[in-house]
Amino acid sequence: MLPQVSIILLMLFMTAIVLITTVTMMNLSMVTVALPTYRIVFQVDLSTVQWVLLGYNLAIGMTMPLSAYFAGRYGGKNVLYVCLAGMMVCSVGCAASWNFHSLVAFRILKGAFAGVSTPFT
């Protein structure tokens with residue numbers, strides 16, 4: 001039988017994992033709502049604004065296999081912390097992007113961090 005403290009810590013850990021997974025997966029589709037606004041604000045056409053979604057999805061797919069290498073080299077917990085911090089910084093960068101190219105660059109970086117962190121969740 002586990003002590004009461006261990007059960008509480010286990011519940012907190014599981015809650016954190018569920019939240020991380022939810023945030024990572026929501027980032028795949030939540031920008032879709034803002035695409036028409038991006039077209040107006042940045043004055044780009046539809047085929048260009050799709051790079052906001054495409055760059056993120058490509059970065060996730062390309063960096064996901066690297067998670068095993070990074071976990072073996074630096075430890076899974078450390079990699080997860082760095083990825084979460086990187087996603088937070090990239091989210092602030094997306095919010096403060098000064099032109100369309102910086103928005104796409106921050107989304108690609110955010111996708112790279114999300115791709116490495118996804119197998120840990």
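By about what are Tyr-38 and Phe-42 separated in helix 2? The two residues stand four apart within helix 2 (residues 35-42), so about one helical turn lies between them. The legends below describe this pair and other close-up views of a predicted model.

**Figure 1. Tyr-38 and Phe-42 form a tilted aromatic pair in the predicted model.** By the ring-pairing rule, the count of aromatic pairs comes to five. In the pair shown here, the ring centres of Tyr-38 and Phe-42 lie 6.0 Å apart, and the planes make an angle of 45°. The relative accessible area of Tyr-38 is 21%, so this residue counts as partly exposed. Tyr-38 and Phe-42 also belong to one aromatic cluster with Phe-100.

**Figure 2. Trp-98 and Phe-106 form an edge-to-face aromatic pair.** The distance between the ring centres of Trp-98 and Phe-106 is 6.2 Å, with 90° between the planes. Trp-98 has a relative accessible area of 64% and is therefore exposed. Phe-106, at 21%, is partly exposed.

**Figure 3. Ten residues make up the largest nonpolar core.** The members of this core are Val-31, Leu-35, Val-44, Val-49, Val-52, Leu-53, Cys-94, Phe-100, Leu-103 and Val-104. Helix 4 (51-63) and helix 7 (100-117) are the elements that give two or more residues to the core. Helix 7 provides the largest share, with three residues. In soluble globular proteins, nonpolar side chains tend to be buried together.

**Figure 4. Arg-107 is buried and has no salt bridge.** This residue is found in helix 7. The nearest side chain of opposite charge to Arg-107 is that of Asp-45, 17 Å away. When neighbours within four places in sequence are set aside, the contacts of Arg-107 are Asn-27, Val-31, Val-52, Leu-53, Tyr-56 and Cys-94. Among these contacts, Val-31, Val-52, Leu-53 and Cys-94 are also members of the largest nonpolar core.

**Figure 5. Gly-111 is a buried residue of helix 7.** Its relative accessible area is 0%, and Gly-111 therefore counts as buried. Apart from neighbours within four places in sequence, Gly-111 is in contact with Tyr-56, Ala-59, Ile-60 and Thr-63. Tyr-56 is also one of the contacts of Arg-107. Between Gly-111 and Leu-12 there are 99 residues of sequence separation and a C-alpha to C-alpha distance of 26 Å.

**Figure 6. Ile-7 is a partly exposed residue of helix 1.** Helix 1 spans residues 4-29. Ile-7 and Ala-95 are separated by 88 residues in sequence and by 38 Å in space, C-alpha to C-alpha.

**Figure 7. Helix 1 and helix 7 mark the two ends of the range of mean pLDDT among the elements of the protein.** The lowest mean, 80, belongs to helix 1, and the highest, 94, to helix 7. For the protein as a whole the mean pLDDT is 88, and 96% of residues reach 70 or more. Where pLDDT is low, the predicted coordinates should not be read in detail.

Key
Residues are numbered from 1 along each chain as its sequence is written. Side-chain values use heavy atoms; hydrogens and water are left out. A nonpolar core is a set of buried Ala, Val, Leu, Ile, Met, Phe, Trp, Tyr and Cys residues joined through side-chain atoms within 4.5 Å. Buried means under 20% relative accessible area, exposed over 50%, partly exposed in between (1.4 Å probe, protein chains only). pLDDT is the predictor's confidence in each residue, from 0 to 100. Lys and Arg count as positive and Asp and Glu as negative; His and the chain ends are not counted. A salt bridge is a side-chain nitrogen of Lys or Arg within 4 Å of a carboxyl oxygen of Asp or Glu. Contact means heavy atoms within 4.5 Å. Rings of Phe, Tyr and Trp (its six-membered ring) pair if their centres lie within 6.5 Å; planes under 30 degrees apart count as stacked, over 60 as edge-to-face and the rest as tilted.
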